[in-house]
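Look through the model below before reading on.

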Amino acid sequence: MLLIGPRYVGKSSLLKQWEAPWVLHDTPGSPFQRTARVPFSDKEDLPQVPHFADPTVKVSVTGHFALRVHDFRGEVTLQDLPLSEARTESQKIRSENGGRAGVVLIFMFDATEAIDMASSDRSDEYYTNKLFGNISLALRGAEIFVRRVIIVYNKFDQLESARPGENHGALLARCESTFQRAIEKIRDTFRRHDVRTVATVLSTNDEDINTKNASIVLGYAADGFVDEVLKRLESESVGHLHQDPVRILKDEPTSTADTPESEDQEARNA
């Protein structure tokens with residue numbers, strides 16, 4: 001799962017809600033590209049597997065399902081990093097899982113920019129024709145496989161407060177109009193894919209906890225994965241599922257953060 005968008009739209013805040021919802025403080029933007037494991041489901045009634053010490057003995061296992069999430073910096077100069085990571089993840093996922101497996105792309109926007117319904121210069125600057133042109137080429141060349149796309153309008157509570165006479169649907173329409181250029185690029189690029197929209201509230205501070213719909217975004221992202229994994233388990237060994245992004249996991253650290261690097265080094269590492 002890849003979190004994509006300009007600075008200060010709430011990418012790191014969304015990841016924080018999935019990682020540690022008990023942490024009650026403002027979440028600063030990620031200074032570096034960051035990867036985290038986000039659990040979303042446990043399953044106990046899995047097929048038995050051979051014991052590691054004696055393959056003739058079958059033992060029960062519990063599946064801990066998780067998504068690997070990449071949180072990217074929002075500078076325009078680094079907007080190609082998500083595409084590079086999408087290529088790497090797509091090939092890895094398809095080689096291990098096959099079927100409909102692929103990456104989930106989450107495009108994020110700041111709903112406060114829709115208060116006056118003027119065109120958003122910030123989203124236009126980040127979501128460029130070049131970015132989506134490169135994505136389209138990668139899709140056509142089977143370099144990336146996209147399972148689902150999620151559009152997130154964050155800080156929706158501030159939009160509601162500023163426009164108290166408008167219902168939820170009208171506010172969503174206001175967002176669609178404000179970010180029209182970027183939304184049209186997303187929907188055109190992924191017209192053959194499942195595209196969903198969620199309005200979120202992700203900001204917290206010591207005095208006031210105000211979060212909403214982070215779990216819905218995660219639910220959309222994870223929808224269908226468990227069923228596909230269980231189908232494979234009926235005919236395959238589970239050994240390779242102890243490795244990468246949507247799989248049965250061994251216990252491991254919840255997240256890792258990259259060390260500071262130059263932009264060129266980050267691009268090579270991606």
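**A side chain and its partner**

The side chain of Arg147 reaches the backbone oxygen of Asp223 at 3.1 Å. Arg147 lies in strand E7, which covers residues 146-154. Arg147 is buried, with a relative accessible area of 5%; buried means under 20% relative accessible area, computed with a 1.4 Å probe and protein chains only.

The model is predicted, so local features need pLDDT of at least 70 and side-chain atom pairs count only at pLDDT 80 or more, while totals for chains, interfaces and linings use all residues. Residues are numbered from 1 along each chain as its sequence is written, and side-chain values use heavy atoms, with hydrogens and water left out.

Now take two helices, H6 (residues 168-178) and H7 (residues 180-189). Their axes, lines fitted to C-alpha atoms over the stretch in contact, come within 5 Å and cross at roughly 90°. That makes H6 roughly perpendicular to H7, a label for angles of 65 to 115 degrees. Glu176, Ser177 and Thr178 of H6 make the contact with Gln180, Ile183 and Arg187 of H7; contact means heavy atoms within 4.5 Å.

In the whole protein there are ten helices and ten strands. These are DSSP runs, numbered from the N terminus: helices are H or I with at least four residues, strands E with at least two. Of the 270 residues in the protein, 46% are buried. Among contacts between residues at least 6 apart in sequence, 75% join residues at least 24 apart.

Key
Axes are lines fitted to C-alpha atoms, for helices over the stretch in contact, and angles run from 0 to 180 degrees between N-to-C directions. Angles under 35 degrees count as roughly parallel, over 145 as roughly antiparallel, 65 to 115 as roughly perpendicular and the rest as oblique. Buried means under 20% relative accessible area, exposed over 50%, partly exposed in between (1.4 Å probe, protein chains only). A polar contact is a pair of N or O atoms within 3.5 Å; within protein, one must be able to donate a hydrogen and the other to accept it, and residues adjacent in sequence count only if both atoms are side-chain atoms.
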